Amino acid sequence: MKLAPGATERAGKSKSNAMRATGLCIGFVAEKRGWFSARANDRRTIADQVTFELRTGQSLVILGPNGAGKTTLLRTLLGLIPALSGTVELGDVDLLHCTPKQRARLLGYVPQSQRFGFGFRVRDIVAMGRAPFLPAFALPSNSDLAMADAALERLGISHLANVSSAEMSGGEQRLMLIARALVQQSPFLLLDEPTANLDFANQVRVLRHLDALSRSGLGIIMNSHSPGHAFACGTTAGFLDRKGQFNVGNVADMVTEERLSAVYGIPVRIVTVETDEGPMQTCVPEVKSR
Amino acid sequence: MVTSSSVRSDLSASPRLQEKAAPDESGRALMWLIGALFLGMLVALQVGRFPIAWFETLRWARGCLGFALRGASAQTETILLYVRLPRILIAVLIGASLSLAGAAFQGLFRNAIVSPDLLGASSGAGFGASLAILYSLGTLATQVTAFAFGILAVSLAYAVSRSLGRGTLPLLLSGVAVTALFTAFTSITKLMANPANKLPAITFWLMGGLTNATHRDLAAIFVTTLIGAVPLLLIRWRLNIVALGEDHALALGVSMSRIQPVIVACATLLTASSVAICGMIGWVGLLVPNMARAMVGPRFDRLLPASMVLGALFVLAVDTAARSLWATEIPIGILFSLLGAPFLLMMLRRQRVEL
């Protein structure tokens, strides 16, 4: 399988092969906005002291209960909402204070699925990943479109290139957005619950693709509701709990029966299953079969 | 690659809606539209209450281009050059402006049923014009006041939206509020107007028309169209990204806080200047981009030029009909709604637009 041009070589040649968050404090602060201003110190902290380091080729699966702030953490790393304090660095770039264009060259983002109202073609949406490299007034060239095609090919969805994005299934849409992020050629990929709302098989397809991408040298950060995903495609797991504590470490050290039971508040078992491709670990919550 | 035989990529190519126009096809559609526009302008020169023979018009046109030694007669030339041509060009520029502004707003607000006066440009201009008519300020002053109040209304909507929050939703909400506010102001002016002469004048202005359009208007609308259209056409590909929403835009390195004011300012300039000359026909800017979308597909880099040409053609056709079909001229605002409403419903049905 061909690699998308540049993804790995780019990560290798520049110094941007490690992403480092130090003492990051995430949450919301009401801005003062002129006439009908909100109270100035209306500030809500969600998590404090988020610290981790991730290298290219590693993948971090962020786990935690609903409302713990997984999505807020991801959006803060992306610069979609401002951080309350702390730093995030990628190589020697300060991600919290760089331009959107600079950031888009370093971090690819796969948001949760949504409506694509105007029904752009899949190929056109994937080609939008070239935006951080194009001047403001430019249109994508043939080589940009060729990169889009290569990314579609890599994810095995070439046959969708000319389909309207309004007519895609959830799984196809997710793969399209991953393809767009690949076209961004960023060394790191951030995904907001990449398996949400997908059927059983599509979840597996997306996880396998993410695992392959990580092995090919991309750094991956993803949110998940399913702790088993850490075994499937994570090298690192981070737990964000309701008290705003963020703990991160190797998957094997982090995803344990004790921790899962404590974080989610239900009894959980970790079991190993023999499959055709070797032993596989997964998490089973204790729900009695009828 | 990890994909094993048991987990094949999902769904082979099933028959699904493929985008209508391939690149060359959409380029051809644009060429056809431009050709139709030139033909339409020639026909519009010919058509009117003062009868002019075809060969006279053609001879005059050739004379202008330097192909004929002798031009048309003096009377014919006066009518063509000083009456019909300015009005035709104004109709073309207004159609292009409103349709381009509408297409840009549809991208910004991510909705195919948005019109370019969404943020109050029309209702502000309507109030400005009513006020000027109420105080008997004359044609030029009426247009200037209308333009100024159109800009003022949108500026107000923009300022208020900043205090509501970031993004396009606050802008939309404050736009709706400002539109209602200025519509109420217009009603108050109407209440105060003398029902014998001022009230009909205001009502007639609001219905829209190019009856009073002159050379002077042509120069003004040409300049505003140029200033408003060029930046929008330059960023036409980025508009596709804007149309995906703020999260996608930022993730792709497009700063909404920078591009949004540009779109709003350009579209407002185009809308306010058009409405100041021809009255409340902002509706064109909703209709035409949807027609253009049916021809060249959803991509904004193709949609913007196509909307401009189609809008020019559309306003030209309706204005020509309005001034020549009946004994008294019909305000084009009325004609637009009569023709446009069924047409829009048909378009939206055919396209299955997700609203």
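In this predicted model, helix α7 of chain B (residues 198–207) has as its buried residues B:Ile202, B:Trp205 and B:Leu206. Seen down the axis of α7(B), these buried residues fall within an arc of 95°, so they line one face of the helix. They pack against four helices of chain B, namely α4 (121–134), α5 (139–164), α6 (168–192) and α11 (256–278). After α7(B) comes B:Gly208, whose phi is positive, near 90°.

Elsewhere in chain B, helix α13 (residues 300–324) holds B:Asp319, a residue that is buried, with a relative accessible area of 2%. Its side chain makes a polar contact of 2.7 Å with the side chain of B:Arg87. Leaving aside residues up to four places away in sequence, B:Asp319 touches B:Ala91, B:Leu210 and B:Ile332 as well as B:Arg87.

In chain A, strand β7 (residues 188–191) is covered on both faces, with A:Phe188 and A:Leu190 buried on one side and A:Leu189 and A:Leu191 buried on the other. In a regular strand, side chains alternate between the two faces of the sheet. The pairings of β7(A) are set out below.

| Partner of β7(A) | Sense and bridges | Residues standing opposite |
|---|---|---|
| β6(A), residues 107–110 | parallel, 4 bridges | A:Tyr109 and A:Leu190 |
| β8(A), residues 219–223 | parallel, 4 bridges | A:Gly219 and A:Phe188 |

From β7(A) the chain crosses to β8(A) through helix α7 of chain A (residues 200–215), and this β-α-β crossover is right-handed.

Notes
Residues numbered from 1 in each chain as written. Chains lettered and ligands numbered in written order. Predicted model: local features only at pLDDT ≥ 70, side-chain atom pairs only at ≥ 80, totals over all residues. Heavy atoms only, no water. Helix = DSSP H or I, 4+ residues; strand = E, 2+ residues; numbered from the N terminus. Buried < 20%, exposed > 50% of the residue type's maximum accessible area, 1.4 Å probe, protein only. Polar contact = N/O pair within 3.5 Å; in protein donor to acceptor, adjacent residues only side chain to side chain. Contact = heavy atoms within 4.5 Å. Arc of directions from axis to C-beta. Pairing = 2+ DSSP bridges. Right-handed = clockwise from strand over helix to strand, strands pointing away.
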